[in-house]
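I have opened a new page in my notebook for this structure. Have a look at it with me, and then read on for what I looked up.

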Amino acid sequence: MSLALIAALPFLGALLPGLTIRAGRSACALGAGVFTALALGMVALHAPAVLRGEVVQTRIDWLPALGLNANFRLDGLGLLFAGLILGIGLLIILYARFYLDRADPMGRFYTFLMLFQGAMLGIVLSDNILLLLVFWELTSLSSFLLIGYWRHLPEARQGARMALAVTGGGGLALIAGMLILGRIAGSFDLSDILTQREAIQASPLYLPALILILLGAFTKSAQVPFHFWLPHAMAAPTPVSAYLHSATMVKAGLFLLARLWPVLSGTEVWFVLVAGTGLLTMLFAAKVALFKDDLKAILAYSTVSHLGLITFLLGIGTKAAAVAAVVHIVAHASFKAALFMLAGIVDHAVHTRDIRRLGGLRRLMPVTFGLVAVASLSMAGVPPLNGFLSKEMMLEVAAHTPVLGNAWILALLATAGAMLSVAYSLRLLAHGFLGAERGDYPARPHDPVVALWAAPAVLVAFVVAMGLWPMPVAGWLVDAAAGAVTGAAVQTHLALWHGLQSPALWMSLFAFGAGLLVYAAYRPLRDLWEMVVRPEGKAMFDACLGGLGAMAQGITARLHDGALTRFIAIAVVTIVAAAGYGFATGGYVAGSRVLTPVEFAPLVAWGLLVAAIAGAVVLHRQRVLALLLVGVIGLMISVGFAYLAAPDLALTQITVEVVTVVLMLLALNFLPALTPVESGAWRRWRDGVIAGAAGLGVAGLAYALMIRDAAYPAISWFHLAQSKPGAGGTNAVNTIIVDFRGYDTYGEIIVLGIAALVIFALAEALLVPGPANDRLLARNPGEGDAGDVHPMMFVVATRLMLPIAMMVGTYIFLRGHNLPGGGFVAGLVFAIALVMQYLASGQGWTQARQRIDYHAMIGTGVLIASATGAGSWLAGRPFLTSNYGYVHLPPLEEFELATAALFDLGVFFCVLGAVMLALFSLARLAQRGGDRVQARAFDAPLPEDH
Amino acid sequence: MEALVAIAIGLLTAGGIYLMLRQRTYPVILGLSLLSYAVNIFIFAAGRLAPGLPPIIDKAQAGYTDPLPQALVLTAIVISFGMTAVIVLMALGSFLSSGDDRVDGGAE
């Protein structure tokens, strides 16, 4: 369980800042720090086993049918990354506490940061690649929040959006790639996938899978041509840049490459794509870094360049290269995170990050200068720092990797990269800190409080220690991680000195010399650079996005310009055309089912139905008449259900029909009585043809379906067989509703309740002062109405009927489990009985006598159903498991008691409440509209003038 | 019988779509009701026709019709009432707010 717990800890920690921020900023930081330290400690507890070469695993079945399980693994690579994420995370939490301004909402910052940390930790601990994808997307989302943390800054918002678009888009490609990979390997667990190198590389789907996965990795790790989002993400607060954009998130892509290295690497296409992209990125970004002026921009491009370097190493595909990649991941994370934090310190102290306005800070900020010097020299690859170790290994690998039969190509290009790295590191250090002090700093430079430089100092100490004593400081971790990457035990020998015969030494020396020259010739080079026109990544991205937006808008406007009729017509034509194409190209075979003979009575009902449909369509302009005809249609359908062995449906249909007609009549009260003729003959013909084609298609489909037997055995026979023994009822429809598929019904009554509440809210919205309310008040009802509002016969009859109707409803409810009926029908019968009172005696009279709140009734229904469902937990069974038994009370026959009946009671209340609330809402509109409402119905004389 | 049911479904669909293509809210609502009928009967018909064989367990009965589509349709009928009521209220709201019951907010 513990790996899952480790992955969960940062998420739990993310809940904390919202509370702890009330106790102050330090408490808030402390809370986040405690959770991070706890997770780090738990990882450390597993470290001995991992270093022995074991793979720690936690497996939790989630959706095994989909291959999605919460499986976690911790091996050497995971240990390295988890250590980086949590270790640097701790430092960042400390740094951010003192970096952020008093005005910045710190609780929000730590929440986002912990969310990100959890997502990142999840990536490196996932064994299941579907789970990994979930965390992958979470890092995109949480980094979006972090980059946009200063939401008042437009560049922060734009940068966040760009990062989300690029990394999120790559994430989509990655999902596809991982799904293909899982399909090839037959499992979504890394433990299985990593063993199937041959099968994966032999598969014809290897190339598409590889390209899609690389898209995901390259966007995340800012490789050319997707690198442009990273410099724009620098709008984030510096702790975020240090954490996400140097040490962790941008390394997620590299992690993925390393993780899948055993199965994907070693092929020609892998070498070309990965090493090629890496090399190109390394050189291109290093060159750009040289000519940037913003400290963070220099660091951002340098990061892109170093990420390219690691990608290049992973792309080589040899064991030595993979080891070098791992070493550089560690080295780069340490010096680059430190440099970012130090850039933030300079920004804080001098109020500018523009290197042209700096210079001469050496004496003014001695501590900062010292730390920057060490870190940037490590970046330049100067011994005895850790950047030198990994750079030497990189050059060594490049020198021994011939391309196109020539050993010099890669060696030269790699040396050029190292040279540029030297040049921009020197520039950063020299232009920023050396030289004469200036008099025009925007603020008086000074070293910050210890707490602010403590975090980068720890990292710089590591940079030095790893350089001086590589084996004891990092050798063990590199061995474990590289072992996990390559899938074989690795015994690295990390050392500063490899002897004179090592080509890397000479390449290194050359790079230093050339780098110094480049730095010395910076002015003329800069002038040259200024003259060249360069494509602007952001402009291209914005143009692309704008183009896509315009295209989407164009398509949408054509298909759906807001006109409902047009949209329906297009949708219907498309569906009919697609179905017609399918029918024309498919092989249709007539069914063999024995047809049901036609009898006379159903034929008459059918004739009435057809006539009513035709009438409703032809006469639809006369609205009341059309409504009556629709009522006839509903009635005939109900008759049809009764004939076709669906008594439950017949009961439901007929009761729903009644309330629907009442509802529509209430609505017609407000609407015009006639529909004017608006569409011309052509338009009517066109609509008729569209509708006719759809009708023909549906009829044909229905017929083709009914004249053949089901292709697969239906599951219904299980329900029929189990209805009595399993659910204790003989009405299979009812047992399905309240028992077998009770969960569906549960959802449905909630939907119905929500619909009723929506109706109530809509009516409320019309009753607030506004144009709708004015129209209601200006209405003059009663004109042309019958003189007697509450006919005495009607009133008396409905009052007499009320108890009878309720008794019938109760009966229908009680017998529902065994005979047609149940909560739905009973609720509707009750609703009709109540509606009759409203109709006959008026709203005022009814409302005064009925002290039931329909909202509460819906709520009661849902609560009863929920309580019934939850009750089965008490018996240790899943939600909504039903039970039943037989009870014998002496004068009565033996009868059955089922928990399903209780659930049905919930259905009953919900249906009754929902129907009544809907009708009542309409009636309220009528009341506002001037309908006479009185507390006493017919027994009080109406005022003469009404 | 199958042909009659199929024709009824087809007519309900055609009538429903024709009415939904009208420009005023009221016929659109009626059209939606007709289309709901059509869909409900279609789902019901997926259980095939078996007159006289209701899905009520009874030893004397020769067989049963498929109960599952019936259960689906039963709740669908009730839900479609809720849907109709919401749309009616929306249509009313739009008419009362603008004094116009056109679907597309003006002449096409």
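**Loops and backbone**

I began with H351(A), which I found in the loop between α17 and α18 of chain A. Helices here are DSSP runs of H or I with at least four residues, strands are runs of E with at least two, and both are numbered from the N terminus. H351(A) is not a glycine, yet its phi is positive, at about 65 degrees. Its relative accessibility is 56%, so I put H351(A) down as exposed. My scale calls a residue buried under 20% relative accessible area, exposed over 50% and partly exposed in between, with a 1.4 Å probe and protein chains only.

Before going further, I noted that this is a predicted model, where local features need pLDDT of at least 70, side-chain atom pairs count only at pLDDT 80 or more, and totals for chains, interfaces and linings use all residues. Residues are numbered from 1 along each chain as its sequence is written, chains are lettered from A and ligands numbered from 1 in the order in which they are written, and side-chain values use heavy atoms, with hydrogens and water left out.

Next I turned to A222(A), which lies in the loop between α10 and α11 of chain A. A222(A) is not a glycine either, and its phi is positive at about 55 degrees. Is A222(A) buried or exposed? With 0% relative accessibility, A222(A) counts as buried.

P225(A) sits in the loop between α10 (206–220) and α11 (229–232) of chain A. I saw that a cis peptide bond links V224(A) to P225(A), with omega at about 5 degrees. I logged another cis peptide bond between P383(A) and P384(A), with omega at about 5 degrees. P384(A) belongs to the loop between α18 and α19 of chain A.

I also looked up M471(A), in helix α22 (residues 470–486) of chain A. M471(A) has a relative accessible area of 29%, so I call it partly exposed. From M471(A) to T492(A) I count 21 residues in sequence, and 8.5 Å in space from C-alpha to C-alpha.

**Domains**

Chain A is assigned domain 1 (1–262), domain 2 (265–520), domain 3 (590–676) and domain 4 (730–946). Such bounds come from an automatic or database domain assignment. The C-alpha centres of domain 1 and domain 3 of chain A are 58 Å apart.

**Rings**

How many aromatic pairs does the structure hold over all chains? I have 23 in my notes. The rings of Y149(A) and W150(A) have centres 6.4 Å apart and planes at 45 degrees, so this pair is tilted. A pair needs ring centres of Phe, Tyr or Trp (its six-membered ring) within 6.5 Å; planes under 30 degrees apart are stacked, over 60 edge-to-face, and the rest tilted. Y149(A) and W150(A) are both buried, and together with F109(A) and Y110(A) they form one aromatic cluster.

I then checked F583(A) and Y588(A): their ring centres are 5.5 Å apart and their planes at 55 degrees, so this pair is tilted. F583(A) is exposed at 55% relative accessibility, while Y588(A) is partly exposed at 42%.

R97(A) lies over the face of F98(A), 4.8 Å from the ring centre. The charged end of K220(A) is over the ring of W136(A), 5.0 Å from its centre. The rule asks for NZ of Lys or CZ of Arg within 6 Å of the ring centre and within 35 degrees of the ring normal.

**Cavities**

A cavity is a set of points on a 1 Å grid over the protein atoms alone where a 1.4 Å probe fits but cannot get out, and its lining residues have an atom within 4 Å of a point. Grid points are joined across faces, edges and corners, and a volume is the space filled by probe spheres set on the points. I noted eight cavities of 30 Å³ or more.

The largest cavity has a volume of about 120 Å³. Its lining includes Q653(A), E657(A), Y37(B) and F81(B). Two or more lining residues each come from α29 (647–668) of chain A and from α2 (25–45) and α3 (67–98) of chain B.

The second largest cavity has a volume of about 100 Å³. Of its 16 lining residues, H306(A), L309(A), M379(A), K391(A) and S421(A) are the closest to its centre. The largest share of this lining, four residues, comes from α20(A).

Technical notes. On a 1 Å grid over the protein atoms alone, a cavity is a set of points where a 1.4 Å probe fits but cannot get out, and a pocket is an open set with protein on both sides within 12 Å along at least five of seven lines; lining residues have an atom within 4 Å of a point.
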